[in-house]
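Welcome! Please take a moment to look over the sequence and the 3D view before reading on.

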Amino acid sequence: GSTKFYDFKVQTTRVTKVCKSRAIVTINGMFPGPVVYAQEDDRVIVKVTNETPHNATIHWHGVRQILSCWSDGPSYITQCPIQAGQSFTYEFTLVQQKGTLLWHAHVSWLRATVHGAIVVYPKTGVPYPFPFPYEEHIIVLAEYRYKDVVKLEKKVVKSGGGPPIADAYLINGHPGPLYNCSGKDVYKLSVVPGKTYMLRIINAALNMENFFSIANHKLTVVEADAEYTKPFMADHIMLGPGQTMNVLVTTDQRIGRYSMAMGPYMSATDVSFQNISAVGYFHYTGASINSVTLPPQLPRFNDNLLVKTNMDNLRSRDSHKVPLEINEDLFFTIGLNVQQCHSSTPNKSCQGPNNGVFAASMNNISFVRPKLSLLQAYYNKIQGYFSDDFPDMPLKNYDFVYGAPNNIPNNTQSITGTKVKVLEYGSRVQVILQDTGTVTTENHPMHFHGYSFYVVGYGSGNYNPKTAMFNLVDPPYMNTIGVPVGGWAAIRFIANNPGVWFMHCHLDIHLSWGLSMAFIVKNGEGPLETLPHPPADMPRC
Ligand code: C2O
């Protein structure tokens, strides 16, 4: 492969959107940010310079970072943040990776506006396993907020309440005509009839899983999380934040203007939700600009069945070596719970249920970010920043209780801590991710850094090893899996990439509440199985 260089300047940029002018954080003044283009096996070098007063880091979501853990990017996990005025250079190789991924800030809620696409083409001369598309386009889905997201995160966490919903949704930075003052701020994709287009769709939203559809057009999914899939057709797709999908669309309809739309998927069935959406135009050349636009067609906000059907259809195209035998058998509950009002909250006006505060946990532990990055502490053997006693099973079973009880017992509180699970090099790992919750259950988009994993099973209700059905033949190979609401998913991977690797819910509010943990994967015996030294410009805490 060759080497691709990029210069990212983290900047404060003024934009006018949905009636208001605001300063947002961007890369090089662009929103969405610049696209990183590369080919399979290329080396990518990105110098990130922070010209804002905020802390910054960039994460290369879905890049497996083989032996380059130092460049992964989650703040306080693999690095200290890049402070105002400082810079850090990320370097990694896209070893056997091709497809669509994304990069995003991984500190506070900056990812809301600091994100962009990664497009990795196959090696020269290697075709796609489907007819070559007439054109390819990137579609980035996002949420937009008027408020400063760094301040907003602090405020929401302090109050203990839920996050405000987005002020708008965006398709490639444009809200579309359903919002005020945005009649002209519409993403338009011009197409010609009788061709097949490939759309590289990325959900970069902060706190919302999203549906996407194009009126009157079928979407043929050919890739998910940068892995080819057996093609399947759908009217609508759903992507959790961090997920990517390549779809083919054939322009086989009458010449006209069709709405493409994104809108929220809220799996929790006990909420009512207004289904607002961002709309763009899928515009056939030759259609008059005054032509009537075919309206958007989105599923209902809680269409869990549609999400399940798409998941059933998602199969790896390429044959993989799915680990058949496992020697690390882990069971992690994931979910939301309520804690008593923190004494630190001024006037104790906690805005969570039962005058408490929202929290989230894995195996009943709400993760607390350390003051020094876990990787630096581990590598330099500095004691006191984490403990290696993350449990293999939940500490208590109470949070199998579904629904929203009126009285949440005191003994349902999670404990806080910075705990990691240590894996021997080469371990064959299975993790059952079980959705739970004493306040509500919902679909959680669980993301694992440094690896892709096989989704070998999933189902509703509590996982039962006796009845669970597994697919060890062609399971999808993902980096983010939407664990079904009130259900479970089983993932498998081989721990052959040493380092410290974050696992967390990709809804940022859940991350703020502690729905995360980290693995340490130890070194192997050989020189090519050993974590390299940290780069010289590693930021300090
Ligand atoms: Cu895309 Cu840890 O995140």
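## About the model

This is a predicted model, in which local features need pLDDT of at least 70 and side-chain atom pairs count only at pLDDT 80 or more, while totals for chains, interfaces and linings use all residues. Residues are numbered from 1 along each chain as its sequence is written.

## Backbone details in the loops

Let's begin with phenylalanine 31 and proline 32, which are joined by a cis peptide bond with omega about -5°. Proline 32 sits in the loop between strand 2 (20–27) and strand 3 (36–39). Strands (E, at least two residues) are DSSP runs, numbered from the N terminus.

Leucine 67 is not a glycine, yet its phi is positive, near 55°. You can find leucine 67 in the loop between strand 5 (58–61) and strand 6 (87–93). Asparagine 216, also not a glycine, has a positive phi of about 65°, and lies in the loop between strand 13 (209–214) and strand 14 (219–224).

Strand 14 is largely enclosed by the rest of the structure, because five of its six residues are buried (20 or more other C-beta atoms within 10 Å of a residue's own, with C-beta atoms placed from the backbone).

Strand 14 runs antiparallel to strand 15 (residues 227–234), with five bridges joining them. These two strands form a hairpin with two residues between them, and aspartate 225 in the turn has a positive phi of about 45°. Strand 14 is also joined to strand 17 (residues 244–250), again antiparallel, by four bridges. Valine 221 is a handy landmark: it stands opposite phenylalanine 232 in strand 15, and its bridge partner in strand 17 is valine 247.

Technical notes: Buried ≥ 20, exposed ≤ 12 C-beta atoms within 10 Å, placed from the backbone. Pairing = 2+ DSSP bridges.
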